[in-house]
Amino acid sequence: MLRPPPQLTVSEWAEQHRILGSRASSEPGPWRTNRTPYLRDIMDALSAVHPARRIVFMKGAQVGATEAGNNWLGYVLHHVPAPVLAVQPTVELAKRFSRQRIDPLLEETPALRERVAPARARDSGNTQLSKEFPGGILVLTGANSAVGLRSMPARFLFLDEVDAYPGDIEGEGDPIALAEARARTFGWRRKAFLVSTPTISGRSRIEREYAASDQRRYFLPCPHCGAMQWLKFERLIWQKGDPRSVRYHCEACDAPIEEHHKTAMLAAGEWRATAEAESPHTIGFHISALYSPVGWLSWEQIARDWEAAQGKAEDLKTFKNTVLGETWQEQGEAPDWERLLERREAFRLGVVAQEALVLTAGVDVQDDRLECDVWAWSEGYSSWLVDHIVIPGSPRERAPWDALAELLARDWPRANGGAIRIAKACVDTGGRDTAAVYGHLRRLRDPRIAPTKGVDGWNRAQPVQGPTPVDALVDGRKLRRGLKLWTVSVSTWKADLYRRLWLGRGEAAEFPPGWVHLPQGIEVEWVKQLVAEQLRTAKDRRGFARQEWAKLRERNEALDCAVLARAALWLLGADRYGERFWQRLREDIANAPVDVPQVEAAATNPAPTPSPEPPPMMRRPGWLAPRGGWLR
């Protein structure tokens with residue numbers, strides 16, 4: 001009775017006590033570390049007896065990282081009771097993590113079941129975001145909640161998917177720094193586990209943390225020559241079009257290694273540091289899905305995914321992040337405007353291409369004019385510049401906004417017959433006349449207009465967020481919460497545009513998905529404005545590298561309008577609904593009579609806007625009779 005409890009490591013505890021259920025695992029039953037041997041050192045570094053205080057794990061998908069973190073939580077609850085803070089990117093994800101991961105962990109592991117009272121018991125201390133146990137408490141929260149991050153002291157921190165955390169929460173700073181401040185009073189006994197799939201180079205938190213560590217890699221022996229090496233995607237070789245022929249070729253002897261060798265290689269592998277850490281108490285691990293155990297994600301499937309992603313920048317980005325566990329390098333260098341001029345095509349301004357399915361517009365507000373660009377879109381986010389319109393007049397006056405209403409009521413002819421109207425228009429409300437812009441947009445009351453405010457932040461849950469109600473002043477009358485304002489991450493959409501502008505055709509007869517089509521008649525000045533900024537790396541106040549957009553020339557209205565038009569497409573639902581969105585548009589265009597214009601995209605069905613009396617053919621059969629006001 002007087003003997004102290006054994007000093008178990010996390011991997012030893014998991015071998016003795018952890019039971020995986022069918023709710024949270026594809027392989028239910030007792031935990032076996034030899035199934036994923038590379039997790040042993042990571043879990044043991046989380047043990048109370050290990051000197052490391054910060055453990056960083058940058059990884060690909062399908063490698064078992066979350067279950068390693070769950071083993072650590074179970075170890076703390078059962079073996080080293082203390083306050084624990086587990087942070088997910090959002091509060092909603094924290095609730096889902098509690099239901100899908102923590103509850104099965106407690107219910108299916110006998111050693112833990114007796115330490116946490118059932119949630120249905122009165123005053124059990126077991127709620128969705130809080131689990132009390134003898135000697136400690138587990139609190140789950142989201143990185144978007146400043147209150148949740150500073151609500152309690154915590155000896156242990158489990159920070160999951162840190163690359164999805166917001167950059168600054170409620171003006172209180174970085175969520176990782178806020179969370180780690182909770183553990184300072186525990187001194188050398190504290191421990192933080194930072195886990196994530198990486199995202200964008202220069203903006204990835206997990207990349208930054210891994211770079212400050214000793215950068216460990218998992219070295220495996222070649223089954224032919226015994227040479228130790230860490231797996232690189234470049235050494236995975238197969239015949240084009242035949243992923244079943246995939247083999248990994250040894251760096252030393254170049255002999256092909258088949259996937260069935262992987263089990264023995266993983267068992268004989270070892271972690272090796274490849275750099276010197278800035279802090280002796282920080283260690284970092286990196287592993288890709290190439291190490292995924294046999295039966296999970298195969299090399300053949302990885303080869304198939306790579307071939308399927310060719311020519312699709314977004315799919316290549318996902319592959320590099322989730323499969324290779326590496327950051328994606330954005331093409332932030334501005335394309336040469338001369339090259340864009342040379343590739344202009346022989347179609348007229350003001351005419352919508354036959355392949356296009358929907359129109360959006362971006363409106364940039366200047367001191368003496370409104371700059372408006374109309375873009376057409378099709379599947380794969382291929383785009384055509386339909387027209388560039390400058391509406392003269394101060395944004396404080398009524399005239400330019402009435403002209404914008406007429407522009408939105410206009411029908412744009414299609415190259416193959418028929419016509420189409422603008423489905424969504426994003427208007428930038430930033431600048432010196434924000435209050436006047438709010439008032440005029442409220443007066444127009446066009447549901448197709450989305451008032452927007454641009455922000456530079458990268459680490460946002462969505463590239464367009466909102467809407468947020470704001471006050472609007474109309475004809476001297478203040479309307480509280482009279483306008484809905486959307487926040488647009490301009491950095492995200494600028495990178496998206498540049499990625500599409502850098503696409504090449506090579507010898508291909510067809511344009512690749514995402515191609516930006518420019519008409520022959522567009523002016524040189526407009527093309528220069530489209531590539532007027534460049535992505536550069538700078539240092540923030542804490543000395544960390546960050547990427548920001550810097551102007552190469554003074555005027556950039558074309559770039560701003562293109563960003564707003566892409567945000568308008570996002571608001572229509574193209575990114576959320578994918579193929580269903582485009583299929584609906586194709587059906588509507590196919591079913592529309594040639595002599596009746598398609599008044600709006602099927603995704604929104606907006607009401608018509610004020611306009612001069614239209615000819616009878618512009619009204620659909622069955623509509624209300626003409627009347628004054630916006631309802632007409």
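Select helix α3 (residues 65-78) and helix α4 (residues 91-108): they pack at an angle of about 50 degrees, with axes 10 Å apart. Helices here are DSSP runs of H or I with at least four residues, strands are E runs of at least two, and both are numbered from the N terminus. Axes are lines fitted to C-alpha atoms over the stretch in contact, with angles running from 0 to 180 degrees between N-to-C directions.

This is a predicted model: local features need pLDDT of at least 70, side-chain atom pairs count only at pLDDT 80 or more, and totals for chains, interfaces and linings use all residues. Residues are numbered from 1 along each chain as its sequence is written, and side-chain values use heavy atoms, leaving out hydrogens and water.

Stay on the pair. α3 and α4 are oblique to each other; that class is what remains after under 35 degrees (roughly parallel), over 145 (roughly antiparallel) and 65 to 115 (roughly perpendicular). Now show the contact (heavy atoms within 4.5 Å). From α3, pick Thr-66, Glu-67, Asn-70, Leu-73, Gly-74 and Leu-77; from α4, pick Phe-97, Arg-101, Ile-102, Leu-105 and Leu-106.

Next, select Thr-452, in strand β23 (residues 449-455). Thr-452 is buried, at 1% relative accessible area. Buried means under 20%, exposed over 50%, partly exposed in between, with a 1.4 Å probe and protein chains only. Leaving aside residues up to four places away in sequence, Thr-452 touches residues including Cys-426, Asp-428, Trp-486 and Leu-564.

Last stop: helix α15 (residues 490-501). Its 12 residues reach 16 Å from first C-alpha to last, close to the 16 Å expected at 1.5 Å a residue. The expected span is 1.5 Å times one less than the number of residues. In α15, 11 of the 12 residues are buried, so the helix is largely enclosed by the rest of the structure. Among them are Trp-493, Lys-494, Asp-496 and Arg-499.
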